[in-house]
Amino acid sequence: MRVFLMIFLVQWSSLSHAQKLADGHQFVEAIDSTDLQFIVSALASEKMAGRKSGEPGQRLAAQFVARQFGQLGLAAFDEYKDYMQTFNLVKSVPDYHQVIVNDITLERDKDYVFLGELNSAEQLEIDLLDIRKRDLETLVPAIGNEILLLTDHTDIHLTIEKLRKNGFTMFVVLMESEKYKGLNTHQKISGERGEYLRFEFGVRREFGIFYMDENRWSELIGDKASCENVRASFEIKRKEDLVQTENVLGYVQGEGLENEWIVISAHYDHLGIEDGEIMYGADDNASGVAAMLEIAQAIRLASNLGYRPRRSVLFIAFTGEEQGLLGSAYFVNSGIFSELNVKYELNIDMIGRVSPEYEDDENYVYLIGSDQMSPELHESSEYANTTFTQLTLDYTYNDVAHPLQIYQRSDQWSFVEKGVPSIFYFGGVHDEYHKTTDTSDQINYRALIGRCKLIYHTTLILLNQ
């Protein structure tokens, strides 16, 4: 790094102030694989205990990111002198849980997996509505305690989302036996605990899905094809406590258009400890935080050597992404966001792995959202890639209606909902997603560096255009 600094100090001394404002792409070479490995390994270590929001490991991770911001010399807002935007969430866990079908009390995990946020003060009798062969468009908004019976299929989450918008809140999803047995650890533990985080203030989201083995369901009702005369009830009581969590914010001030802002973000939280095992979250999303910090280092270095950007750039490490984009939702509804003129947002989530379809060519990245709201943003992104990095830009998931709904599943979505054009950088789906095997030794640092460089060049273009 010292040699790198000396070279650029020599170059810097011979350039005019205007040249320094307009350039800076050469500082991409400050993005270093050793730094990336250090950051990923630190965040995905046993010490961080999976970085679950509201728990000690998450707080350690926030402090780690804040220290990095300080070492880089990023500026802090007056109200967040320690870089921390602290706020409260409500942690809600089941205190009592019972489901009865035809007078048989079911066992959690064995008979069903529950995901959701239901809370009942007493045992509720429910009306089972079988819609497996119904046209969803003919269903009227829910009245009372209807619970809809569905068969699992590829786009089940889209179906449920559509029904939720129509007022339905409770669902039974019947799954093939092998698929039910294959529910991953995160789903089973979430069902066992029924734990979730929500904002301290606002409307409670009453919502629940009971996943069941279709053969077990048939045993319970005696006839898999019919729901007539099925008696069902449930009772879920919850215990709630306040927990504290933090976004981490730091910035580099621009010169000329300093009141216009570009936001670079990556969530640093993950899933904590499940079934006694640490969910390390190396790709999800230590890789994104490492990329953000390296990009911040390069921009800060350029600024220190006279290549100050025209616009200001804000770096945010978000908490609460895994629990429903809570950190980014808090930020975009906070006073600080309303005071900033945010032109664009670039979000980095899971860019450290190579998906199976690209196992023979790691020089790619999925881009999501770049052309959805701003032609200028898309053109700048394409220009940065054509001019500097020549990666394959894959737009497979660049669609709000894509079955996996990747566009809506990371923190840029909070900005999109506020009308801010955004790009989500994504490395793709892999077998270690939300598993304890998502560890730092699985990261492909060559691919990660290439993606970092694309984001850096794109950021500079947006800062200076």
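This is a predicted model: local features need pLDDT of at least 70, side-chain atom pairs count only at pLDDT 80 or more; totals for chains, interfaces and linings use all residues.
Buried means under 20% relative accessible area, exposed over 50%, and partly exposed in between (1.4 Å probe, protein chains only). Helices (H or I, at least four residues) and strands (E, at least two) are DSSP runs numbered from the N terminus.

Residues are numbered from 1 along each chain as its sequence is written. Local features need pLDDT of at least 70 and side-chain atom pairs count only at pLDDT 80 or more, while totals for chains, interfaces and linings use all residues; side-chain values use heavy atoms, with hydrogens and water left out.

## Strand β17

Five of the five residues of strand β17 (residues 422–426) are buried. Ser-422, Phe-424 and Phe-426 point one way, Ile-423 and Tyr-425 the other.

Strand β14 (residues 341–348) pairs with β17 in the parallel sense over four bridges, and Glu-345 stands opposite Ser-422. Strand β15 (residues 364–368) runs antiparallel to β17 and is joined to it by three bridges; here Leu-367 stands opposite Tyr-425. Pairing requires at least two DSSP bridges between the strands.

## Ser-312

Ser-312 is found in strand β13 (residues 311–318) and is buried, with a relative accessible area of 0%. Its side chain reaches the backbone nitrogen of Gly-254 at 2.9 Å and the backbone oxygen of Glu-258 at 2.7 Å. Leaving aside neighbours within four places in sequence, the residues in contact with Ser-312 (heavy atoms within 4.5 Å) include Val-252, Leu-257, Trp-261 and Leu-463.

## Aromatic rings

The whole structure holds 24 aromatic pairs. Rings of Phe, Tyr and Trp (its six-membered ring) pair if their centres lie within 6.5 Å; planes under 30 degrees apart count as stacked, over 60 as edge-to-face and the rest as tilted. Phe-199 and Tyr-330 form a tilted pair, 6.5 Å centre to centre with 35° between the planes.

Tyr-358 and Tyr-366 are both buried. Their ring centres are 6.1 Å apart and their planes at 80°, so the pair is edge-to-face. Ring pairs link Tyr-358, Tyr-364, Tyr-366, Tyr-397, Phe-424 and Phe-426 into a cluster.

Key. A polar contact is a pair of N or O atoms within 3.5 Å; within protein, one must be able to donate a hydrogen and the other to accept it, and residues adjacent in sequence count only if both atoms are side-chain atoms.
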